[in-house]
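Reader: I have a model to look at and would like to learn how to read its features one by one. Could we begin with a single residue and then widen the view?

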Amino acid sequence: MAAPLPCITTTHTSSFSISHAIMLSSISILSFFLLLLFPLFSMANNKFIGTENVEVIKYDLFPEILKEEAVGRLYELGKVSDANGYLERTFQSHASIRAGSLLRTWMEDAGLKTWVDQMGNVHGRAEGINPSEKALLIGSHLDTVIDAGFFDGSLGIICSISALKALNSSGRLGNLTRPVEVIAFSDEEGVRFQSTFLGSAAIAGILPVSTLQVHDKNGVTVQGALRASSIETTEENLLQLKYEPESVWGYVEVHIEQGPVLENVGLPLASVKGIAGQTRLKVTVKGTQGHAGTVPMNMRQDPMVAAAELIVFLESLCKQPDYYLSYDGQCTSSTVESLAGSLVCTVGEISTWPSASNVIPGQVTFTIDVRAMDDMGREAIIYEFSNRLYNMCDRRSVFCNVERKHDANAVVCDPGLSTQLKSASYAALKRITGEDPGDVPVLMSGAGHDAMAMSHLTKVGMLFVRCRGGISHSPAEHVSDDDVWAAGMAVLAFLETML
């Protein structure tokens, strides 16, 4: 310990001359400033001189890993495509296999143990100091839609790998108090087999074994596609893919917002409180095929105009659900009110047969996508639409049929995880900017995510990242370099709570 500063006085000068007193005062003042400056000189080693066990708080922002390298990897991965001129990467395609190999290389570079499972999911795991503890799973999907952007799915995987690499580069990866596992899911979009969440549903244990026999438009089954990639998947080992709930602490997913809210509020990150439930329908309308010039208008059984009337009605129903729905024991006023804030309905595909300008078509099919946070309200909308559909089709003397192709209930994110992710986002933005970023928003997700499937296994949390114009599923999809950095820093801040 440094000696106390001498007490200098000018009222008693019997032992010192005035000049001696002035000199001693000068020395004392110099000593005082040196004592103040010595700790600053030693901060390069993050230590105070004389207090070696006290650390100075100093954050490394890792821009070379979380920003430059992460952005470079996103663009490199975005060039791995099955198509020339645009991005397309579907379940177990050649590009999907190449992308998986690239991700394994980057996972290993981050210090993770890697493997590929029987559904083509790519895993990278850090065991930490307690390998038997429940694991944190972090993931997103490596597949894409047709003519995709570079960030949907890929951003969540790359940011997670980068955050773990930052921990590894600073010698802290082995200090994690629980295992952390990054999973790049093989299929979320459902483009090839029209069945979403193949990868995450297998991990969560909710994928029916019959899915192995579902085939694509070329007649190749899911099992056949895996076999072509040298993965032998049977009903037995598919069931063994399921993680035991007792082995998992939680699941976190980082994803682009796919909407315009964050851009409008001027912030790069948001915590997610829930994911809307979703139903996909296929509607078939059959009429009488005929010559466009010889069948009188009042004698036609035209499925095209019937389909058009149904589509316009669907829009009206979903814009004003309170006008059409009646309250009863199942559909309450609160249900209808919740629909006003979250209900969206979309007709995405229309096809006719035969498709010719001089022929009244014999058949029209179209798809409907209905999403809402209230599952009961979503069912009420589908029920009302189906009732009106059959009445309209009877009036027009055409045959109509509705098939349910996909159902997923709404998911509420775990409040504790959401709070932790919100705090990590705040910490990340403050570290990068050096300023108070204000309150981090909490949003709903209208898009489906792997977190929906994983919610059947464990608690889930999500982090949204701003994307330009809210555009997604398009080559125009874009996340700025700084926002990629913010996302990686948020994941790092979250992981640091487990050190």
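**Reading the model step by step**

Author: Thr367, with a relative accessibility of 23%, counts as partly exposed, where buried means under 20% relative accessible area, exposed over 50% and partly exposed in between, using a 1.4 Å probe and protein chains only. This is a predicted model, in which local features need pLDDT of at least 70 and side-chain atom pairs count only at pLDDT 80 or more, while totals for chains, interfaces and linings use all residues. Residues are numbered from 1 along each chain as its sequence is written, and side-chain values use heavy atoms, with hydrogens and water left out.

Reader: Where does Thr367 lie, and which residues is it in contact with beyond its neighbours within four places in sequence?

Author: Thr367 lies in strand 13, residues 363-372; strands (E, at least two residues) and helices (H or I, at least four) are DSSP runs numbered from the N terminus. Once the neighbours within four places in sequence are set aside, Thr367 is in contact with Leu281, Thr346, Val347, Gly348 and Glu349, contact meaning heavy atoms within 4.5 Å. The C-alpha atom of Thr367 is also separated by 9.4 Å from that of Lys405, although the two residues are 38 apart along the chain.

Reader: How many helices and strands does the protein chain have, and what percentage of its residues count as buried?

Author: The secondary structure of the protein chain comes to 15 helices and 17 strands, and 48% of its 499 residues count as buried. Among contacts with a separation of 6 or more, 77% are made by residues 24 or more positions apart.

Reader: How should I read the packing of two helices, and at what angle do helix 4 and helix 15 cross?

Author: Two packed helices are described by the angle between their axes and the distance between the axes. Axes are lines fitted to C-alpha atoms, for helices over the stretch in contact, and angles run from 0 to 180 degrees between N-to-C directions. Helix 4 and helix 15 (residues 481-496) have axes that come within 8 Å and cross at roughly 55 degrees. The two helices are therefore oblique to each other, given that angles under 35 degrees count as roughly parallel, over 145 as roughly antiparallel, 65 to 115 as roughly perpendicular and the rest as oblique. Residues in the contact include Leu155, Cys159 and Ala163 of helix 4 and Val484, Gly488 and Leu492 of helix 15.

Reader: What angle do helix 9 and helix 12 make when they pack?

Author: Helix 9 (residues 303-319) and helix 12 (residues 375-395) pack at about 150 degrees, with their axes 10 Å apart, which makes helix 9 roughly antiparallel to helix 12.

Reader: How do I read aromatic rings, and how many aromatic pairs does the structure hold?

Author: A pair of aromatic rings is described by the distance of the centres and the angle of the planes. The structure holds seven aromatic pairs; rings of Phe, Tyr and Trp (its six-membered ring) pair if their centres lie within 6.5 Å, and planes under 30 degrees apart count as stacked, over 60 as edge-to-face and the rest as tilted. The rings of Tyr75 and Phe151 have centres 6.0 Å apart and planes at 90 degrees, so this pair is edge-to-face. The pair links distant parts of the chain, since Tyr75 is in helix 2 (residues 63-78) and Phe151, 76 residues away, is in the loop between strand 5 (135-141) and helix 4 (154-169). Tyr75 is partly exposed at 31% relative accessible area, whereas Phe151 is buried at 2%. Tyr323 and Tyr324 are edge-to-face as well, with ring centres 5.0 Å apart and planes at 85 degrees; Tyr323 is exposed at 64%, while Tyr324 is buried at 17%.

Reader: Which peptide bond is cis?

Author: A cis peptide bond joins Trp353 and Pro354, with omega about -15 degrees, and Pro354 is in the loop between strand 11 (344-353) and strand 12 (359-360).
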